[in-house]
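Trainee: Please take me through this chain by question and answer. Define each term as it comes up.

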Amino acid sequence: VNKGTNAFISSLLIFFPYSGLNFIDLMVRQGNIDNPPKTPLIPGFECSGIVEALGENVKGYEIGDRVMAFTNYNAWAEVVCTPVDFVYRIPDDMSFSEAAAFPMNFVTAYMMLFEVANLREGMSVLVHSAGGGVGQAIAQLCSTVPNVTVFGTASSFKHEAIKESMTYLFDRNMDYVQEVKKISADGVDIVLDCLCGENTGKGLSLLKPLGTYILYGSSNMVTGETKSFFSFAKSWWQVEKVNPIKLYEENKVMAGFSLLNLLFKQSRSSLVTKVMDNLLKLYNEKKIKPVVDSLWALEEVRSYLFSFSDISILVCF
């Protein structure tokens with residue numbers, strides 16, 4: 001990095017020991033995102049490390065500070081340069097590996113629950129991929145609000161590890177709509193869907209009046225190591241065509257959420273900073289804690305990249 005450039009003036013240079021591996025990284029590798037950077041590129045959107053250099057306009061940080069950060073790609077590099085607006089101080093008792101697992105998962109979960117869906121006492125939430133990093137963050141954040149019921153779907157082999165975090169847990173391949181309605185005939189207040197495809201229609205059908213469905217991913221489109229036109233077409237075909245008049249008549253809300261777009265395309269870093277402040281307060285109160293599935297050296301990641309049998313998040317170092 002040329003420290004004399006305008007890009008560095010308001011940025012920090014971070015020597016990173018750890019970086020998170022998220023589902024978006026798989027989608028990037030497959031080419032399942034819009035307008036990816038030209039190859040060759042360095043993957044990764046979050047990291048933790050030590051401040052190695054400061055731009056002249058950077059205030060509030062010193063060389064040697066422990067920080068975690070969002071990056072617009074390049075988090076898997078040995079040294080990361082990112083604007084100060086995307087950098088946050090790591091609490092004293094949080095490890096670097098936990099810090100690398102914190103920003104994407106917990107900010108995404110918090111903003112969907114509290115900024116978009118307005119989670120309140122006594123509500124009910126259905127979350128898909130409950131064993132993933134965002135799913136576990138959602139469960140922990142729901143536990144900070146009294147009397148929230150959390151329905152989760154996940155692959156059966158994850159159930160033993162995550163069953164304590166959910167009120168009710170279902171196999172992702174079963175008819176979870178009927179199982180939810182057996183417990184709550186009216187359905188749920190919030191549906192958080194990272195799968196897309198046929199789950200979109202199912203999620204909307206489960207919403208109570210004034211309920212909110214949020215799509216924040218499309219993992220059903222990701223299969224194998226390369227982009228699959230069949231998987232993409234199947235998932236697109238299975239998405240129920242949404243009628244706005246029906247939403248109006250049934251008093252339902254349909255929304256989407258992309259944290260990376262919010263940060264890097266829509267310039268809402270100040271809002272994300274406020275959310276991070278709230279999250280770190282909850283962390284310091286020991287109400288939430290990132291769960292790290294395993295640690296891998298960068299050169300080992302490819303062998304693990306498409307198994308994704310994680311409970312929470314894979315961290316590279």
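Mentor: Helices (H or I, at least four residues) and strands (E, at least two) are DSSP runs, numbered from the N terminus. The model is predicted, so local features need pLDDT of at least 70 and side-chain atom pairs count only at pLDDT 80 or more, while totals for chains, interfaces and linings use all residues. Residues are numbered from 1 along each chain as its sequence is written, and side-chain values use heavy atoms, with hydrogens and water left out.

Trainee: How many helices and strands are in the chain?

Mentor: The chain has 317 residues, and 51% of them are buried. Buried means under 20% relative accessible area, exposed over 50%, and partly exposed in between (1.4 Å probe, protein chains only). The DSSP runs come to 13 helices and 13 strands.

Trainee: In what order do the 6 strands of the open sheet lie?

Mentor: Two strands pair if DSSP finds at least two bridges between them. The edge strands, E8 (168-171) and E11 (253-256), each pair on one side only. The pairing is parallel, and the order is E8-E7-E6-E9-E10-E11.

Trainee: Which residue in E11 stands opposite Tyr 213?

Mentor: Strand E10 (residues 207-215) pairs with E11 in the parallel sense over 4 bridges. Opposite Tyr 213 stands Met 254.

Trainee: What angle does the direction of helix H7 make with that of E8?

Mentor: Contact means heavy atoms within 4.5 Å. H7 (residues 176-183) packs on the sheet and touches E6 (124-127), E7 (149-154), E8 and E9 (188-193). The angle between the directions of H7 and E8 is about 155°.

Trainee: Which residues of helix H8 are buried?

Mentor: H8 (residues 199-206) is mostly covered, with 6 of its 8 residues buried. The elements covering them include E6, H7, E9, E10, helix H10 (244-250) and E11. The buried residues are Asn 199, Thr 200, Gly 201, Gly 203, Leu 204 and Leu 206.

Trainee: At what angle do the axes of H4 and H12 cross?

Mentor: Angles under 35 degrees count as roughly parallel, over 145 as roughly antiparallel, 65 to 115 as roughly perpendicular and the rest as oblique. The axes of H4 (residues 103-116) and H12 (residues 269-284) come within 10 Å. H4 is roughly perpendicular to H12, because the axes cross at roughly 100°.

Trainee: How do the residues of the contact of H4 with H12 divide by type?

Mentor: Ala, Val, Leu, Ile, Met, Phe, Trp, Tyr, Cys and Pro count as nonpolar, Asp, Glu, Lys and Arg as charged, and the others, Gly among them, as polar. Phe 106 and Tyr 110 are among the H4 residues that meet H12 residues including Val 275 and Leu 279. The contact divides into 10 nonpolar, 1 polar and 1 charged.

Trainee: How many disulfides does the count give?

Mentor: A disulfide is a pair of cysteine sulfur atoms within 2.5 Å. Cys 142 is buried at a relative accessible area of 2%, and Cys 194 is buried at 12%. The count of disulfides is 0.

Trainee: What is the phi of Leu 210?

Mentor: Most residues other than glycine have a negative phi. Leu 210 lies in strand E10 and is exposed, with a relative accessible area of 69%. Although Leu 210 is not a glycine, its phi is positive, at about 70°.

Definitions and conventions. Axes fitted to C-alpha atoms, helices over the stretch in contact; angles between N-to-C directions.
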